[in-house]
Amino acid sequence: MVKNSVIQADIQQTLQVRGSNAQAYPLKKQFVHLMLYYPDYAYIFFWRINKPSYRWKNLFVDTVHCKIFRSTKIAGGLICYHPFASVINAKSIGRNFQFRNGLTIGNKGNNNHLLPVIGDDVTVGAQVVIIGDISIGNNVIIGAGSVVVKDVPSNCVIAGNPAQIIRHIDEA
């Protein structure tokens, strides 16, 4: 399973963002390290392999109150920090997506054709709501407690209810 390129991207991104010394280990040992010491990573791994009743799952993951819809396509590099009370239902989410607890991504008016599309390298704070048929660009930071109901361009920081651009990020 560690041979899967998306899972490899999750492993590498998680270790890099967390600044772990395990980055120097061989890939298999990196995987074991994450499974043993990062239950948030273990949750993502078991979601990726789509085996809800995997016999070893309970050894690594307690009950995590997070729901990621199977129809949501998420590229590699997914990182979650304490994903409790999060619900993720999007058309697609790009690579290196990071989120915190209390995230709600979903449809508008209970219509699953009205789902968000989220770009690459997006970081989302705690207690954020992203709903509707909207697009969030690449390299976006969404501040905690924000409510996002309109399209967001690439390379910016947004926050508030409703979310507004706070500043632009230089493309260096």
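Reader: How far is K29 from the ring centre of Y25?
Author: This is a predicted model: local features need pLDDT of at least 70, side-chain atom pairs count only at pLDDT 80 or more, and totals for chains, interfaces and linings use all residues. Residues are numbered from 1 along each chain as its sequence is written, and side-chain values use heavy atoms, leaving out hydrogens and water. A charge sits over a ring if NZ of Lys or CZ of Arg is within 6 Å of the ring centre and within 35 degrees of the ring normal. K29 lies over the face of Y25, and its distance from the ring centre is 4.7 Å.

Reader: Which ring lies under the charged end of K67?
Author: The charged end of K67 sits over a ring. The distance to the centre is 4.8 Å, and the ring belongs to F69.

Reader: Is Y37 buried or exposed?
Author: Y37 lies in helix α2, residues 27-37. Helices (H or I, at least four residues) and strands (E, at least two) are DSSP runs, numbered from the N terminus. Buried means under 20% relative accessible area, exposed over 50%, and partly exposed in between (1.4 Å probe, protein chains only). The relative accessibility of Y37 is 58%, so Y37 counts as exposed.

Reader: Which residues make the nonpolar surface patch of about 320 Å²?
Author: Patch residues have over 30% relative accessible area and no salt bridge; like charges are joined within 9 Å, and nonpolar side chains (Val, Leu, Ile, Met, Phe, Trp, Tyr) within 5 Å. A salt bridge is a side-chain nitrogen of Lys or Arg within 4 Å of a carboxyl oxygen of Asp or Glu. Areas come from the Shrake-Rupley method with a 1.4 Å probe; for residues, only the protein chains shown count as cover. This patch is made by V32, L36 and Y37.

Reader: What kind of pair do F31 and Y41 form?
Author: A search of the whole structure finds four aromatic pairs. Rings of Phe, Tyr and Trp (its six-membered ring) pair if their centres lie within 6.5 Å; planes under 30 degrees apart count as stacked, over 60 as edge-to-face and the rest as tilted. The centres of F31 and Y41 are 6.4 Å apart and the planes stand at 85°, so this pair is edge-to-face.

Reader: How many residues apart in sequence are the parts that the pair of F31 and Y41 ties together?
Author: F31 is buried at 14% relative accessibility, and Y41 is buried at 4%. F31 belongs to helix α2 and Y41 to helix α3 (residues 39-49), so the pair ties together parts whose separation in sequence is 10 residues.

Reader: Which residues do ring pairs link into a cluster?
Author: F45 and F46 also form an edge-to-face pair, at 5.2 Å centre to centre and 70° between the planes. F45 and F46 are buried. Ring pairs link a cluster of F31, Y41, F45 and F46.

Reader: How many of the 11 residues of α3 are buried?
Author: Helix α3 is mostly covered. Its buried residues include D40, W47 and R48. Just after α3, N50 takes a positive phi of about 55°. Of the 11 residues of α3, the number buried is 10.

Reader: Which residues does Q98 touch, not counting residues up to four places away in sequence?
Author: Q98 is found in strand β6, residues 98-100. Its relative accessible area is 12%, so Q98 is buried. Q98 and G77 are 21 residues apart in sequence and 8.3 Å apart in space, C-alpha to C-alpha. With contact meaning heavy atoms within 4.5 Å, Q98 touches Q13, V17, I79, Y81, V122, T123 and V124.

Reader: What separates the C-alpha atoms of S92 and I130?
Author: S92 is found in strand β5, residues 92-93, and is partly exposed at 26%. Beyond four places in sequence, S92 touches K73, P116, V117 and I118. I130 is 38 residues from S92 along the chain, and their C-alpha atoms are separated by 13 Å.

Reader: Is N96 buried or exposed?
Author: A85 and N96 each have a positive phi of about 60° although neither is a glycine. A85 is in the loop between β3 (79-81) and β4 (86-88), and is exposed at 55%. N96 lies in the loop between β5 and β6. The relative accessible area of N96 is 16%, so N96 is buried.

Reader: Which residues does the cis peptide bond join?
Author: P162 is found in the loop between β14 (156-159) and β15 (164-168). Omega is about 0° at the cis bond, which joins N161 and P162.
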